Amino acid sequence: MKQLNIIIKVLISIIILYLLFYLNIINIETIAIIKNNLILIISTIFIMFCVLFIASYKWWLLISSMNYNVPFKMSYHLYVTGIFYNIFMPGGAGGDIVKGFYLFRYVKSSQRTGALSTIIVDRLIGFHALLLISFFALILKSDITFSDIFLKIFLFLIFTALLMLPVLFFIILKFSKIILTFLGKFKNRIMKKVFELITKLELAFLSYKNKLYICFKCYLISIFNHLLFLGCFLIIADILHNDMISISTIITSSSLSLVTNTIPITPGGIGIGESSFDFLVKKLSNLSDNIAFGSIFFITYRVLFSI
């Protein structure tokens, strides 16, 4: 069943990419411009390296706060290994599975369940920080956001997710036993998956409920790191000499596309981020279909980030 799901997601990815090329949203001639800007490409890769370094440091802070004997160098290697596998595995979080697998090799058997909590908390902190940036980016473009039904839906969903994550933290800490007892009465596959998810979240939240200072510190690091990463899109815009799209549009489109890129529909979110970026650029800049080629930004980021 899992193999069938992966095959289906790969096919969806291929179809989406084909449509992007067929509709000229991804233009090969435009991509050719990139090779003539070596200095800016090197600058982008350097920033991406810094992003990986900071992100792995953030994860290492969570690991060390649990007194796990994992040196920073090892956490960096595990983190970038997870990023590499994100390219091939379904959704933007697929590499976390691989990261957890290798992390288990460097902790005691009794610590393995708790070690998984560091990955879950790290992912939730990073995702919530990205949602916060996306929310304020849309607010800054309020003149367009509130006049377009799709952008208002985006804003509503992001605002809801921002509120729901802290609420989820409170509910699971206070009522997890009741919830798990109720879910345990059901034997179907979906309820078992929900039961497993709640159990993992409970363990993660319990592990860090008395380490809120570390979590807040990691949250601030995540915000800074996401903003640094968004700078890569600005450099790509400079490479493509695209002065038709404003800086605020690029930041808003890129932050929202990174959110949608985590949706587990295709391996690594391939095609999802590109199509989302193009859709958002058109909405936020009011460019015609023939002029907008926002996917070039996102696919360039994907290629450079994979180097």
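Me: Which helix does Thr249 lie in?
Reply: Thr249 is in helix H11, which covers residues 247–260. Bear in mind that this is a predicted model.

Me: Is Thr249 buried or exposed?
Reply: Thr249 is buried, because its relative accessible area is 1% and the cut-off for buried is under 20%.

Me: And what is Thr249 in contact with, leaving aside neighbours within four places in sequence?
Reply: With those neighbours left out, Thr249 is in contact with Lys141, Val281, Leu284 and Ser285.

Me: Switching to Tyr102. Where is Tyr102 found?
Reply: Tyr102 belongs to helix H5, residues 95–103.

Me: Why is Tyr102 called partly exposed?
Reply: Tyr102 has a relative accessible area of 28%, so it falls between the two cut-offs, under 20% for buried and over 50% for exposed.

Me: How many residues apart along the chain are Tyr102 and Thr81?
Reply: Tyr102 and Thr81 are 21 residues apart along the chain, and 9.1 Å separates their C-alpha atoms.

Me: Where in the helices is Phe170?
Reply: Phe170 sits in helix H8, which takes in residues 149–183.

Me: What is the relative accessible area of Phe170?
Reply: The value for Phe170 is 48%, so Phe170 counts as partly exposed.

Methods: Residues numbered from 1 in each chain as written. Predicted model: local features only at pLDDT ≥ 70, side-chain atom pairs only at ≥ 80, totals over all residues. Heavy atoms only, no water. Helix = DSSP H or I, 4+ residues; strand = E, 2+ residues; numbered from the N terminus. Buried < 20%, exposed > 50% of the residue type's maximum accessible area, 1.4 Å probe, protein only. Contact = heavy atoms within 4.5 Å.
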